[in-house]
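Colleague: I would like to learn how to read helix packing and sheets in a model. Can we work through a case?

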Amino acid sequence: MNLKLIYVSVVAFGVAGLIVFTYLQTYIEDQHTDSEEKIQLQIINQAFGSYSNEESEKPREDWISGKYFHKAIKPLIESEDYQEPNLLRGTEDLLTTIFSEDPQKVLKQLKEMNFSSNKHYLNKFFNRNNNWKATNAIQERRKKFLHDICQKHVNRTQIPLVHMVSRIYVEDKYKLLYCEVPKAGCSNWKRILMILGGLAKSAVNISHNSVHYGNHLKKLDSYNIKEILKRLKTYTKIIFVRDPMERLVSAFRDKFEHPNIYYHPVFGKAIIKKYRPNADKETLKTGSGVKFKEFIQYLLDPSRPLGMDTHWEQINKLCYPCDIDYNFIGKFETLEEDANYFLKLINAPDELLFPHFKDRHSTDKRTNSEVVRKYLAEIPAIERLQVYGFYYLDYLMFNYSVPYEAFQSDVMHNRPYL
């Protein structure tokens, strides 16, 4: 056979094979690009469930009827066979899948991510000091209680990861993730984050506007998926919560009983227009003077004229505590003690203490149980029960009891949970 013919045939087959390979590679890449978003969403949803949207849209009577009340709550506190949960469920598998567009690069990418132990993880050595033992024990019980509630009683479903972490602030120097819960000490916590990050030396010198509108702190949702997952895996995650009813009344007093260039014209006008018959023109124009009973009508209205606001949104929909395993759960009721204990745990500077000042409406009495009783007396018993139902998951997750005598009387009289 002619050697030249053989050579030409080999070259021709090689070129044809190269063309076919190039076409298939292009086709596969196109298919991968088209489906990448769906694949990432599916992966994320496998590891980060949340509460069903259908659940949140159920009639409020479902909450009032006691369908979600569980008599097994008390034993959860007393149980001692508890194991510390993973910081992030299934992260390693997630990362391998998400970043395997090119299998040859997977190992290199994972090495670059460096999922080493958190160097700034909670330092419990100083707990040998008897002054902190009780605080540490309380902290462990809170985490255990929340973990067991989530495992046994909360359904998980789908929600985008970026939305789930949208309320979380990042402090890279001390490797902290702080989920902001408005009206639970968030202003002073953000001051602390700024000090830890070297942006300020003293909390006193940081104004309210600088804290909330200065864009000094970075949110977790500003990172790409890879960096979000890396920080969720390796950073210390904290959340501070508050009795839901105190938080609600505090938000109302702050936003509607004082001049406010946003909440009055936006929320106030809409609330007065829908829930106040024969409102005068001046009130409709300014949106000032919203009454607490009108605010509650708005809150409980399935067809409310405006959506929810973070200041009165449920904590479980702000921070997703059944999807993100928080390493530290503080409470507003013991704010300074919890916060200063946490600062010790992360080896913060000894001179750094949590601020105790109130930076807005400082002459007003703080919202406490006495103040809340006064406001609850302005609304009928059925609405008090509905508000309790609205925040029921928050009460359940963070082990808050039925609030105050007025609520206790309503609950016992109607027996919706017994």
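Modeller: Start with two helices: α13 (residues 263-275) and α15 (residues 292-300) pack at an angle of about 90°, with axes 10 Å apart. This is a predicted model, where local features need pLDDT of at least 70, side-chain atom pairs count only at pLDDT 80 or more, and totals for chains, interfaces and linings use all residues. Residues are numbered from 1 along each chain as its sequence is written, and side-chain values use heavy atoms, with hydrogens and water left out.

Colleague: How is α13 oriented to α15, parallel or perpendicular?

Modeller: Roughly perpendicular, a label for angles of 65 to 115 degrees. Axes are lines fitted to C-alpha atoms, for helices over the stretch in contact, and angles run from 0 to 180 degrees between N-to-C directions.

Colleague: Which residues make the contact?

Modeller: Contact means heavy atoms within 4.5 Å. From α13 come Phe 267, Ile 271, Ile 272 and Tyr 275; from α15, Glu 294, Phe 295, Gln 297 and Tyr 298.

Colleague: And how do I read the sheet?

Modeller: Strands of a sheet pair through backbone hydrogen bonds, either parallel or antiparallel. Strands are DSSP runs of E, at least two residues; helices are runs of H or I, at least four; both are numbered from the N terminus. Pairing takes at least two DSSP bridges. Here five strands form an open sheet, ordered β3-β1-β2-β4-β5, with mixed pairing.

Colleague: Which strands stand at the edges?

Modeller: β3 (218-219) and β5 (328-331). Each has a single partner strand, so one side of each lacks a neighbour in the sheet. β4 (residues 236-241) runs parallel to β5, joined by four bridges. Ile 238 stands opposite Phe 328 in β5.

Technical notes
Parallel < 35°, antiparallel > 145°, perpendicular 65-115°, else oblique.
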